[in-house]
Amino acid sequence: MSRSRVASLLIVALTGAVAGFVPATAEATPTCLTGRLEYSHYDAEAGTRKPLVTQAARNANWELWGKVTAGSAATRLSSGITAVGDGAFSACHQGRVAEVYVKFLSASTTMWRVIKSEGTQAQYSFESAHKTGSQSLGTVRVPASMQRAWTIVDTLNALYWKRNNPSSACWTKHQETGACDTLTFVWEQNRTDSGYWDYPDTNYVILGQNEPDSKHTILHEAGHWLQWQLYDHAFPRVSGCNPHYIEQASSTSCAWTEGFADAVAAYTLGDYRYVDDSGASTSLRNDPDTADWDAGDKVQGRVGSSLLDLWAPDGPDGGNWDRTIELMSDEFSQNFREYFVSDRPAGGLSTTGPARTILGSHTITY
Ligand SMILES: [Zn+2]
């Protein structure tokens, strides 16, 4: 044992003597609270019955809080994120404590977060049971009143994993690790003015009521934010977009931005539809239903389904959207025509053969 080690143990022993209970070996004894974080979710993607399902809350922030001595104030002792596989956490402090608990927060690192309002900026949070030492907490369930905040936190993992930015931990290549923009969702159960991305004001996604029951809705709105990020804080000038419908003509700028957002949601979830928070579903596939849709590149459903076919496993873009993400990081497109006619060639993507055939099958001809 080194002299400094002896000295520090002496200090601990002295401090312990003053506090009256801390033994000399206290600093070597970790205190850990372990468990798994879960949330309940009314699953709109499963249909209008919206069955209540239980899911692991993955990559969700936790903080270990505690009182080192009985009379002291609680302080944050450590922090981390839940595991990807099962929402597991192991929250440890190197030392003994008088009281300890885990605080769960509606965010994932600093990459994305859910706050209650633009004004307070406060995240949702709740505490585990308070303990006096190491213990397994088993399964910790997010309180029902705030479960939709964790639905958002958990769902955004899927988009983050598909973001195709090998150059940094950020959402796009425009930012360096450590200086990433945070994707912010505002959700409040009683909020009715909601269901949009608040551009160009806060640039937050605003959701209310049961809207997070649809993962397509979460990812559609995140898709608007992602397009703005890919264009390095630029966004097409959008007109004639309020309201807009998947199957109806709006404008080329509206169809491009809304069609892209629809495609982001379906691509991320690996399906071919849009599902709203009632559980009602609109197919984006070419089938007898879509034959009745309006035609051309002013129709968001035509644009979105074209993108999905270009990115499909058997499509001309290599089986995924990665090269579109790359080209959008370099080339701003005001509308789908510019994306297809000008920017795809610049990004090395085809505009003839199967790509042209795909657009034609969705009533778009350039
Ligand atoms: Zn939208």
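Student: How are the donor residues of the zinc ion spaced in sequence?

Tutor: The donor residues follow the pattern H-x3-H-x33-E. This is a predicted model, in which local features need pLDDT of at least 70, side-chain atom pairs count only at pLDDT 80 or more, and totals for chains, interfaces and linings use all residues. Numbering starts from 1 along each chain as its sequence is written, and side-chain values use heavy atoms, leaving out hydrogens and water.

Student: What makes His220, His224 and Glu258 donors of the zinc ion?

Tutor: A donor is an N, O or S atom within 2.8 Å of the metal (3.2 Å for Na, K and Ca); water is not among the atoms, so a site may look incomplete. NE2 of His220, NE2 of His224 and OE of Glu258 lie 2.0 to 2.1 Å from the zinc ion, so they qualify under that limit. His224 is in helix α3 (residues 215-230) and Glu258 in helix α4 (residues 252-269), so this pair ties together parts 34 residues apart in sequence. Helices are DSSP runs (H or I, at least four residues), as are strands (E, at least two), numbered from the N terminus.

Student: Why is Gln229 called buried?

Tutor: Buried means under 20% relative accessible area, exposed over 50%, and partly exposed in between (1.4 Å probe, protein chains only). Gln229 has 1% relative accessibility, so it counts as buried. Gln229 also lies in helix α3. Neighbours within four places in sequence aside, Gln229 is in contact (heavy atoms within 4.5 Å) with Thr172, His174, Gln175 and Asp181.

Student: How much area do domain 1 and domain 2 bury between them?

Tutor: Buried area is the accessible area (1.4 Å probe) that two parts lose on being put together, summed over both. For domain 1 and domain 2 this is about 2,000 Å², with 50% of it on carbon and sulfur atoms. Glu45, Arg58 and Tyr124 supply 31% of the area that domain 1 buries against domain 2, more than any other three residues.

Student: Why is the pair of Asp154 and Arg58 called a salt bridge?

Tutor: The rule asks for a side-chain nitrogen of Lys or Arg within 4 Å of a carboxyl oxygen of Asp or Glu. The side chains of Asp154 and Arg58 meet at 2.7 Å, N to O, so the pair passes. Across the interface of domain 1 and domain 2, the rule finds two salt bridges.
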